[in-house]
Amino acid sequence: MSLDEEDVLDGIGNIIFQEPSNYYPPPKPATFESKTLQTGEVLQLRLVGHDPLWGHHLWNGAQVVTDYLYDHVANLVHGRTVLELGAGAGLPSIAAAIWGAKQVLVTDYPDKDLVENMQMNIEAAKNVLPKSANLVAKGHVWGASTDPLLSCLRPGYCGFDTLILADLLFNHSQHAALVSTIQSTLVHLPHARALVFFTPYTPWKFDKDMAFFDLARKGGFRVEKVVEKVMDKLMFKDDRGDELLRRTVFGYELSYENLGFD
């Protein structure tokens, strides 16, 4: 038996208090959501049972950015290298691989359950993925060295063409880390885009969500609003705050402001 800091020991080393084996509730089981892509493929997406990093939800931002990828598949997906940050179930990444991306790297915090869950969803999609698909899951901490991500690229590639950030902006303390990660992974070419889609789930903090884009501008990016979509249903119906905002997905494209090309 191992001891932890919550064990209280008497003078001769016997445990006089220890939480009973049923003290904590059992972990919640994984859930599944079905998503039909515009091209007809049906994905059964596994979501972790519960996760402090909110990986147990299929977020509205992920669904809307997937729609956006399809609408702009020629510029954002076909033959492109794609990186998703904070991916959760990995819906946009799997769709990009199906729709002809050259390479897709799907990432989330390097928690064992989260990374294994992304790998399970990739495996479950094998029946609809092209044989040529290059789709890999990896753990990554925003703001940390991106060398392990860039090393996944094929020889001759120095960055990703398309980045996907879906419903990450509520992590206000991580905005600078996210901008840093975009700067070091988005290839310095005119076609490169970072897609930042989000819903203000806490509307009274909407200005803090939007502060991300001020940081992005200071970091050398052009910011363009490309989507504003009102969803049919609320994700969290019992939450407080402006209902219309909590149903709205806002989508932005980041591109480099000045690449120094003639």
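Biologist: How many helices and strands are there in the protein?

Modeller: This is a predicted model, in which local features need pLDDT of at least 70, side-chain atom pairs count only at pLDDT 80 or more, and totals for chains, interfaces and linings use all residues. Residues are numbered from 1 along each chain as its sequence is written, and side-chain values use heavy atoms, with hydrogens and water left out. Helices (H or I, at least four residues) and strands (E, at least two) are DSSP runs, numbered from the N terminus. The protein has 8 helices and 11 strands.

Biologist: What percentage of the 262 residues of the protein count as buried?

Modeller: Buried means under 20% relative accessible area, exposed over 50%, and partly exposed in between (1.4 Å probe, protein chains only). For the 262 residues of the protein, the buried part is 45%.

Biologist: What share of the accessible surface belongs to carbon and sulfur atoms?

Modeller: The accessible surface comes to about 13600 Å², by the Shrake-Rupley method with a 1.4 Å probe, where for residues only the protein chains shown count as cover. Carbon and sulfur atoms hold 51%.

Biologist: Of the contacts with a separation of 6 or more, what percentage is between residues 24 or more positions apart?

Modeller: Contact means heavy atoms within 4.5 Å. Among the contacts with a separation of 6 or more, residues 24 or more positions apart account for 68%.

Biologist: Which residue is joined to Lys112 by a salt bridge?

Modeller: A salt bridge is a side-chain nitrogen of Lys or Arg within 4 Å of a carboxyl oxygen of Asp or Glu, and the count by this rule is 7. At 3.0 Å, N to O, the partner is Glu116.

Biologist: How many residues apart are Arg193 and Glu253?

Modeller: Their side chains meet in a salt bridge at 3.1 Å, N to O. Arg193 counts as partly exposed because its relative accessible area is 22%, whereas Glu253 is buried at 10%. The pair links distant parts of the chain, strand E9 (residues 193-198) and strand E11 (residues 248-256), with a separation of 60 residues.

Biologist: Which helix holds both Asp214 and Arg217?

Modeller: The side chains of Asp214 and Arg217 meet in a salt bridge at 3.4 Å, N to O. Asp214 is partly exposed at 41%, and Arg217 is partly exposed at 44%. Being 3 residues apart, they are separated by about one turn of helix H7.

Biologist: What distance separates the C-alpha atoms of Phe250 and Val227?

Modeller: Phe250 sits in strand E11 and is buried, at 6% relative accessible area. Leaving aside neighbours within four places in sequence, Phe250 is in contact with several residues, including Val196, Phe206, Val227 and Leu245. Phe250 and Val227 are 23 residues apart along the chain, and their C-alpha separation is 5.5 Å.
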